[in-house]
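Biologist: I'd like to learn how to read a fold on screen. Can we go through one together?

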Amino acid sequence: MGDGAGIGPEVTVGALLDEATAGRCRPIVIGDAGRLRKAARILGVDTEVVAVDSVDDAVFTPGRINVIDLGLLPADLPWGAVSSVAGDAAYHYIRVASELATSGAAQAICTAPLNKEALHAAGHVFPGHTELLAHLTGTGEVSMMLATPAMKVIHVTTHIGLIDAVAAIEPGIVERTVRRGDRTLRDSGIEFPRIGVCGINPHAGENGLFGYGEEDEKIVPALEKLRADGIDAQGPLPADTAFFLATRGEYDLIVAMYHDQGHGPVKVLGIETGVNITVGLPVIRTSVDHGTAFDIAGTGKASSESMVEAIRQAANLCA
């Protein structure tokens, strides 16, 4: 359900009452039943929110939302404000979802947004869902992939500062990231994925004119190994044209070197339909590609479109 003070409860209710969702999967919310009922009233929808003790207790009928209710939120929790209580609850929602998925009781996890400040205030110091799930599943390294109808982007580094990102990029992590992306696309039915790999500097360094040879040092050795293994990884590409080429159909996947290099183009193309997929976990995990939107939380204005799409992609990955 994400952070209960944000739009997570609203987009969750909206997505689960979408007719398409019911035809794709059997969804069970890990969250707070009382908060979901408040969200339903705010949205003005007629639904039955039913607390269940386990996955096996869930009953799937039109208009019913099943929730494993952890009961961690106070009834008077304000909307749109950072709360350590909500941050702690969001952590435990993910912990329980991870346990269900790793045990096989659930086939995929789809997450509503959490608030990093609230999460940290509760003592859970993780940059976000991606790193938290890696910790909970004992996974050493994962990648963030953003998927939109126009293109897919996987990130070499994510939630670290730009200077730290450049320092962290090295041939090994570039190679592993590309391999995870290639495998994910092959698993989704693309037999020979075409992968465009961005450079770090403007114009991908333009043969040493910009930067200090980072492309030749950190990216080119990885691409040589990947191509030797039959992976179609092209680059380093100037990032200002790579995304345009992807939207034109020339690449199935773009590899971004750092957070905003990949997130910016995706969000311009359509944050409402963007989905975050964590690649490399032992479980399937997708998420909305937006934040908690405290400015509109509790108003009924939030769109559930990204949540519907995230659920769709999670269900497809299970197939």
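Biologist: Which residue in β3 is the bridge partner of valine 29?

Modeller: The partner is valine 67. This is a predicted model, where local features need pLDDT of at least 70 and side-chain atom pairs pLDDT 80 or more, while totals for chains, interfaces and linings use all residues. Residues are numbered from 1 along each chain as its sequence is written, and side-chain values use heavy atoms, leaving out hydrogens and water.

Biologist: What makes strands pair?

Modeller: Two strands pair if DSSP finds at least two bridges between them; strands are DSSP runs of E, at least two residues, and helices are runs of H or I, at least four, both numbered from the N terminus. Here three bridges join β1 to β3 (residues 64-69), and the two run parallel.

Biologist: What is the strand order in the open sheet?

Modeller: The order is β1-β3-β2, with parallel pairing. Because β1 (29-31) and β2 (48-51) each have a single partner strand, one side of each has no neighbour in the sheet.

Biologist: Which helix packs on the sheet?

Modeller: Helix α4 (residues 84-103) does, touching β1 and β3. Contact means heavy atoms within 4.5 Å.

Biologist: Is glutamate 10 buried or exposed?

Modeller: Buried means under 20% relative accessible area, exposed over 50%, partly exposed in between, with a 1.4 Å probe on protein chains only. Glutamate 10, in helix α1 (residues 8-16), is buried. The side chain of glutamate 10 reaches the backbone nitrogen of glycine 298 at 2.7 Å.

Key. Lys, Arg positive; Asp, Glu negative; His and termini not counted. Salt bridge = Lys/Arg side-chain N within 4 Å of Asp/Glu carboxyl O. Polar contact = N/O pair within 3.5 Å; in protein donor to acceptor, adjacent residues only side chain to side chain. Axes fitted to C-alpha atoms, helices over the stretch in contact; angles between N-to-C directions.
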